[in-house]
Amino acid sequence: MNVYITFFSKRDNNKFLHIDNGFSFGREKKKEDVDLFFHQGREPAYIERHLKKYPSIDRIFCSLSYGSQLASIKPLLADNWVVGGPAAARLVTTGTELPCTVVSGSFEEYLGKDALDSDFDPYFSVLAKVLRIPHLFCNCSVGKGCYWSKCKFCDYPYYDSKCERTGKVNMRPNVGAIVEQLHPMEGCKTTSFHLSIPAMPPKALAEMLNAKRDKRVWLTIFLRADNSILQVFKKYNDSSICEGILFSIGCESLSQSALEKLGKGSTVDDTLELTRLILKRGGSVVLGIMDHYVFSDRQMVNEYLESLEKLKGIVKKYPKHRVKFTNNGVTHWPTREAISEFTDDFTAAKYDNQYERYLANIPEESETFKCNKDISLALVNSGINQFGATFVSLL
Ligand code: SF4
């Protein structure tokens, strides 16, 4: 028999159940196999006690979404463990030696299958039913990799199934077919799925929009505001085609000169146009903004203020709750080389308990800090909703 371990967390006073991604695709489930769910942060001894209930385990498969989850299983790892999930690529790229198999790509690749599967096993429905928590949020990974893969701040290996900066994307064959399999979970008031891929490619986006989906299910996807994505939306005139979908746009900055320094490869104008196209088609938008720019200057502030006015003009025509800013966090740079392009004054810090990132030191009395603060204030006072962490320059 095999055991499959998935982590979950209960949030906001037990109102939200977040289930991390598991090996839900391509798995041939045998009758004797067991799914075990553990709350994030469980002690290894607790997990070990549960595993001991099954004396004849062949393999233990465990999906890690965050490096920090490794602490819950690390002392138990042995030959018969197979560790995968989004955090596995980082284990490979950081050279973390573990006494088990680490799968950085897809589960199907590990099993030696030729093609990725589109059949989705909603095995977590058991947990949703038992816990009876009103709002369910679950990751449903439809692919790996980013077709752009050039943003200088991005931790590429995390997103690439081969742990390489290739720009290749490993998508499941038909995202539409996957979306059509997603239904509300029994006993839950709301069911949401994040189609976890760092940037949904245009073809997959069209498949998702064409799918006959159950609109009682909420979807969230990450998007890049590039022209190929805009062209997909322009093909649809249906004002409800995006209803129930939250499009999380990796905007990073509303200043064009900042986007160019970041290597983002998209424009602020396209970001604003994409926002308008989505709102007009009934969808919701989250604009992910980063904070603590090492290169902030007055030009950047002015560009921000100008773009913000244009954005306000677009969003005022739609219900307020359908547009939000979120602070993606401070700009951590993935390598010394990446940050050294802008400054020699930086600090290395452990991120997600596992690997080093680099953070610029920006003195509070500096002009750079003041510019960051002006940008953060403009965002906070824009009248557009904001969630996520407070901008660091306002703390
Ligand atoms: S588009 Fe997103 S995932 Fe792709 S390189 Fe840029 S930040 Fe990373």
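## Two helices side by side

Welcome! Pro202, Leu205 and Ala206 of helix H8 meet Ser228, Ile229 and Val232 of helix H9; residues are in contact if their C-beta atoms, placed from the backbone, lie within 7 Å. By class, this contact has 5 nonpolar, 1 polar and no charged residues. Here Ala, Val, Leu, Ile, Met, Phe, Trp, Tyr, Cys and Pro are nonpolar, Asp, Glu, Lys and Arg are charged, and the others, Gly among them, are polar.

The axes of H8 (residues 202-210) and H9 (residues 227-234) come within 9 Å and cross at roughly 20°. That makes H8 roughly parallel to H9, a term for angles under 35 degrees. Axes are lines fitted to C-alpha atoms over the stretch in contact, with angles from 0 to 180 degrees between N-to-C directions.

## About the model

This is a predicted model, where local features need pLDDT of at least 70 and side-chain atom pairs count only at pLDDT 80 or more, while totals for chains, interfaces and linings use all residues. Residues are numbered from 1 along each chain as its sequence is written.

## A look at Leu259

Leu259 lies in helix H10 (residues 256-262); helices are DSSP runs (H or I) of at least four residues, numbered from the N terminus. Leu259 is buried, because 22 other C-beta atoms lie within 10 Å, and buried calls for 20 or more. Beyond its neighbours within four places in sequence, Leu259 has contacts including Glu252, Lys264 and Val268.

## Around the ligand

Of the 11 residues around the ligand, Cys146, Trp148, Cys151, Cys154 and Pro198 come nearest; near means a C-beta atom, placed from the backbone, within 6 Å. This shell divides into 7 nonpolar, 2 polar and 2 charged residues.

Methods:
Buried ≥ 20, exposed ≤ 12 C-beta atoms within 10 Å, placed from the backbone. Parallel < 35°, antiparallel > 145°, perpendicular 65-115°, else oblique.
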